[in-house]
Structure formats: structure tokens, C-alpha cells
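Reader: I'm new to this one and would like to go through it slowly. Could you show me the structure, and then I'll ask as I go?

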Amino acid sequence: MSVTVRAFRAEDAEAFRTLQRACLAYYQIAPATHDQEERVLSLLRAERHMACHLAFDGTQPVGFATWGLSFPAGPGISLVMKELFVSPTVRQKGVGKALLSALIDVARREGCTRFDWAIDGTNGGAQRFYEALAAPKMTKQSYRVAETEFDAFQARIEPK
């Protein structure tokens, strides 16, 4: 296997769709609608709010990492990885490591003071992967409000 990693390009739309669909299926999440896929792709094409690196074995897409820049990160900015997905058929073949390495290069070029990511607490495979890399584990707590709960959550935070 010869893995190459590169930043998303407009011509990678179908490769990204293939991997995004595989990722959602892997996590047993309902497929994205056409409009949802198009919104993500439009943001990736515009390099607005988020970015993506894709991994290929030859011409076959085998993984992706999505990320953005955020602050504060101490006195600077942080590269925040939202998702790292490797097709199940090519796991433990260096694809995840290649994607992480590419993002470290981006963080350096962007002058980031750190590289942050989170994983689901139930994802034992990801935990083992990062532990094997001796990635420093943080103790932050994550919160999430689903779109279906936006109105109810906003009602609880707005003054009456």
C-alpha cells in the first residue's frame, strides 16, 4: 500500500462523498441528504470554516481528516481535528498516521500553538490508536446540542 495525503481539491468531491458515506455508515448514522452533502462540499471548495485532507492508495480514496482553526489556544491558535476516518479495510496500514502527520505539517505552517481533537468515549479503537501514539490525553468535557434541540436549548438560555 502506498498512501498519499493531500488537501481537498474541487475534483475530489466524489472521493470525499464516498468516504463521507462510508464514515456515516460505519458509525450507523443516517445518510446525509443531497443538500447536506452539497453544503459540506461548498464549504470545502470555498475553504471557509473547515478544511479536509484526503488519503489515497493510488487513486482509491481510503481516509480523510476534517479540521479547522480555532482560538484561543493559549496565546495563539489551534488546529482542531473534527474527524479522522479510515476505511475499515485499510486500518492499521498507516493511513491514520499519514493523515495525522499531514495535519501536524499544516499546524506548523499556520503557526498553531497546538493540535486538538476529541473522540467519542465509546470509541475503543480510536482510544487504542491514540494511546499507542502516546498522544497526551486531556480531561475536558464535551457538550453537544443536536439540531432538533436548538429551539429548546435556546429557550433555556435566553432571558425571560
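Reader: In what order do the five strands of the sheet come?

Author: In this predicted model, the five strands form an open sheet in the order E1-E2-E3-E4-E5, with mixed pairing. Strands are DSSP runs of E with at least two residues, helices are runs of H or I with at least four, both numbered from the N terminus, and two strands pair if DSSP finds at least two bridges between them.

Reader: And which strands stand at the edges?

Author: Strand E1 (3-7) and strand E5 (114-117) do, and because each has a single partner strand, one side of each is left without a neighbour in the sheet. From one strand to the next the twist averages 30 degrees.

Reader: How do E1 and E2 run, and how many bridges join them?

Author: They run antiparallel, and five bridges join E1 to strand E2, residues 51-57. Val5 stands opposite Ala55 in E2.

Reader: Which strands does helix H1 touch?

Author: Helix H1 (residues 13-26) packs on the sheet and touches E2, strand E3 (60-73) and strand E4 (76-86), where contact means heavy atoms within 4.5 Å. The direction of H1 makes about 80 degrees with that of E3, the axes being lines fitted to C-alpha atoms, for helices over the stretch in contact, with angles from 0 to 180 degrees between N-to-C directions.

Reader: In what sense do E3 and E4 pair?

Author: E3 and E4 pair in the antiparallel sense over nine bridges, and the bridge partner of Ala73 is Gly76 in E4. Their hairpin has two residues between the strands, and Gly74 takes a positive phi near 65 degrees there.

Reader: What about E4 and E5, parallel or antiparallel?

Author: Parallel, over four bridges, with Met81 standing opposite Trp117 in E5. E4, H3 and E5 make a right-handed β-α-β unit: with the strands pointing away from the viewer, the path from the first strand over the helix to the second runs clockwise.

Reader: Changing topic, which elements supply the lining of the second largest pocket?

Author: E2, E3 and helix H3 (95-109) each supply at least two residues of that lining. The residues of the lining divide into nine nonpolar, three polar and four charged, with Gly counted among the polar ones.

Reader: Last thing, how are residues numbered, and what are the limits here?

Author: Residues are numbered from 1 along each chain as its sequence is written. Local features need pLDDT of at least 70 and side-chain atom pairs count only at pLDDT 80 or more, while totals for chains, interfaces and linings use all residues, and side-chain values use heavy atoms, leaving out hydrogens and water.
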